[in-house]
Amino acid sequence: FCHVGGWYKVLDRFIPGTTKVDALKKMLLDQGGFAPCFLGCFLPLVGALNGLSAQDNWAKLQRDYPDALITNYYLWPAVQLANFYLVPLHYRLAVVQCVAVIWNSYLSWKAHQL
């Protein structure tokens with residue numbers, strides 16, 4: 001499940017189809033499940049790799065997680081809705097990787113703020 005391409009295959013197994021309603025369901029599952037979990041793991045992992053103590057890492061997560069999740073919701077639902085509705089499964093990862101260049105730059109900046 002950690003591999004994003006694998007996540008898309010799982011979504012397609014749970015919600016087969018390419019209608020607008022199917023795309024909406026996939027986007028809601030992606031943004032309601034995957035995104036919060038990913039951010040909740042990513043931010044403390046970066047903190048730990050940067051040598052933060054458990055207490056400082058927890059404080060940083062509490063400070064940064066809500067803002068990162070809200071920012072995620074400004075970008076990714078629209079991208080994923082279009083991705084799930086318009087893009088064939090085998091191209092979805094490429095679309096996400098293009099947008100992720102910008103997103104990962106933001107996440108890196110956010111994760112490295114002290």
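Student: How much space lies in the largest cavity?

Tutor: In this predicted model, the largest cavity holds about 40 Å³ of space.

Student: What makes this space a cavity?

Tutor: A cavity is a set of points where a 1.4 Å probe fits but cannot get out. With a threshold of 30 Å³ or more, the count comes to 1 cavity.

Student: Which residues line the largest cavity, and which helix gives the largest share of the lining?

Tutor: The lining consists of L43, N57, K60, L61, D64 and A111. Helix α3 (residues 54-86) supplies the largest share, with 4 residues.

Student: Why are α2 and α4 called oblique to each other?

Tutor: The axes of helix α2 (residues 20-49) and helix α4 (residues 89-111) cross at roughly 40 degrees and come within 13 Å. Angles under 35 degrees count as roughly parallel and those of 65 to 115 as roughly perpendicular; α2 and α4 are therefore oblique. Their crossing is right-handed.

Student: Which residues of α2 and α4 meet?

Tutor: K26, F38, L39, F42, L43 and V46 in α2 meet R92, W103, L107 and A111 in α4. By class, this contact comprises 8 nonpolar, no polar and 2 charged residues.

Methods. Residues are numbered from 1 along each chain as its sequence is written. This is a predicted model: local features need pLDDT of at least 70, side-chain atom pairs count only at pLDDT 80 or more; totals for chains, interfaces and linings use all residues. Side-chain values use heavy atoms; hydrogens and water are left out. Axes are lines fitted to C-alpha atoms, for helices over the stretch in contact, and angles run from 0 to 180 degrees between N-to-C directions. Helices (H or I, at least four residues) and strands (E, at least two) are DSSP runs, numbered from the N terminus. Angles under 35 degrees count as roughly parallel, over 145 as roughly antiparallel, 65 to 115 as roughly perpendicular and the rest as oblique. A crossing is left-handed if the near helix is turned anticlockwise from the far one by less than a right angle, and right-handed if clockwise. Contact means heavy atoms within 4.5 Å. Ala, Val, Leu, Ile, Met, Phe, Trp, Tyr, Cys and Pro count as nonpolar, Asp, Glu, Lys and Arg as charged, and the others, Gly among them, as polar. On a 1 Å grid over the protein atoms alone, a cavity is a set of points where a 1.4 Å probe fits but cannot get out, and a pocket is an open set with protein on both sides within 12 Å along at least five of seven lines; lining residues have an atom within 4 Å of a point. Grid points are joined across faces, edges and corners, and a volume is the space filled by probe spheres set on the points.
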